[in-house]
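Morning, everyone. Please look at the model on the screen, and I'll walk you through it.

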Amino acid sequence: MKKMKKIQEKSALEIIDEATHLLRGNALTLLPIYYIGSLPFIMGFLFFWGDMSRSAFAAEHCAAAALGLALLFAWMKIWQSLFMDRVRSLLSLMPHRPGTLKSLSRIAFVQSVIQPTGWVLLPLAMVFTIPFAWIFAFYQHLSLMDNTHPESLGEAVGRAVRQCRSWPKQNHVLFLILSAFGTVVFFNILIGLFALPYLLKTLFGFETIFTLTWRSFLNTTYLAVSMGLCYLCVDPLVKTVYTLRSFYDESIQTGEDLNVALRRLAAVRKTIPVVLSILLMVTFLCGHAAAEQTVDQPVAESVAAADLNVAIRTVLERPEFSWRLPRERNDHASRELFNPLAAFFKWVKPILKTAASPVIDILKPLAKKLVDWFRESARSAPPGKIKSSNINWIGWIKILLFLLLCVFGAMLGVYAKRVWAARKKRVQDNLEEDEPVVPDLNDENVDAKELNVDQWLSLANDLVAKGELRQGLRAVYLATLAYLAEIGVIQIARHKSNRDYATELRRRLHENKDAQDLFSANVTLFDRTWYGLYGVSRNDVELFTDNHKRIVNLVYGQ
């Protein structure tokens, strides 16, 4: 058992390496989803921190500001859950399916109820030190929810508890490495923000309050900004790491990692004929060119050494070989004239000037108006501040927040438009078709709750009639699960395996041995044909369907 556990558990360095590669290769797809949720909260938190620590009227609007910050926190956790679900779909090599309004509302409910407790439990666990890694892993695993079929509150908490207890050594090593990496990033940001004002003063001559006295950095806002930037840099990697950890933990029951390996192998097998064809073509062309060169090459005649030296001297004395003569010293003007770099810039300069002139004429007045507006917004420092600088930093922060909110609003509008268009198209497709959407039985994420028993059996009959016996057998098996779930014998869940369902049926119907034996026989036949290399015959489908009918008759009314 210990050997099997050691084989199944990946090392922490392998998990981090795979997460880094996945995040770097899909940055344009994943990071916008993460930052749409996290940027508003970090910006709101920094504004709340600065306002509460400096404003004279902080007590009057503290409650409203805290409520807004809580809503932004819930918003961040919802988008982080969508980010981890997108990472999960990339790991499975399956197309990402947008969630419905109902599924998104369930994700919002679970994240809004459980995640805020981390503000209390994580500091307490940090005091006691030992349980901190488990509690940290619990909140990370809780953020991962299926976008299309999210779990209920109890199921999500149970799954997160089980996964945070799995592989404790791997979890603690991951936590130590990520903590060390986060500490290094934090101090880099701290030093970079400290050096930035001095760098601007050195390069551009900008004088700020920070360059007048270094004590201006001795405030909590400086630390809060550094921590916020560190969180935005490190947390996407943390979320990706724990998504991988959850994926491999669930694969022990579902075999999803084996399915991914088979999909990659199938993709590679499709490219092998193309690569072989290209190699054969290149080999043929190279061989053909070599043969032509061999045929066309004249046969060298033997020449005496004295005659060869005379021929070489005669050739070198020709005018085209004057480069052998000693080079004359050129003056400065000649060197400038024949300098390739100077000649290139001399040729390019009028072309660039002519092309950029209309653009400069248009942008110059706009830039002047924008600079004047920024100066008016950031001028007139309040009394009591340092008189050597007339820049109002609160005004600059408000302007920056306004611009960032405009960008965030535009991104949110585009995403909402895309979600609404996808939902509208899905509704129209459902209205046009009276029959329900037929699920893809080759997809491992198909849930038995998507259709009822009669619909699964009808789909199985259609598939068997078409000759797709393997998919038909799975449809009958899903019909059995749907019936047992409908009468309350089992509960359908994504993390459960077929053996888990057999154990649950044995516990609920411990007196009905016949139903237990029939279901176990069907599970054995299904695992052997769906996950193994055994073929499916019509006799197997008929036997499987007959066992399904007998199970229904045996457990009817219980």
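Predicted model: local features only at pLDDT ≥ 70, side-chain atom pairs only at ≥ 80, totals over all residues.

Residues are numbered from 1 along each chain as its sequence is written, and side-chain values use heavy atoms, leaving out hydrogens and water.

First, the core. The largest nonpolar core has 53 residues. By that I mean buried Ala, Val, Leu, Ile, Met, Phe, Trp, Tyr and Cys residues joined through side-chain atoms within 4.5 Å. Buried is under 20% relative accessible area, exposed is over 50%, and partly exposed is in between (1.4 Å probe, protein chains only). F83, F138, L142, V241 and Y242 touch the most other members. Which helix gives the largest share? Helix 11, with ten residues. Helices here are DSSP runs (H or I, at least four residues), numbered from the N terminus.

Take V241. Beyond its neighbours within four places in sequence, V241 contacts I15, I16, A19, L174 and L178. Contact means heavy atoms within 4.5 Å.

A second, separate core has 40 residues, including A475 and L518.

Now K239, in helix 11. Buried or exposed? Buried, at 1% relative accessible area. Its contacts, sequence neighbours within four places aside, include Y34, Q80, F83 and Y231.

Last, L124, in helix 6, residues 118–128. L124 is partly exposed, at 46% relative accessible area.

Technical notes. Helix = DSSP H or I, 4+ residues; strand = E, 2+ residues; numbered from the N terminus.
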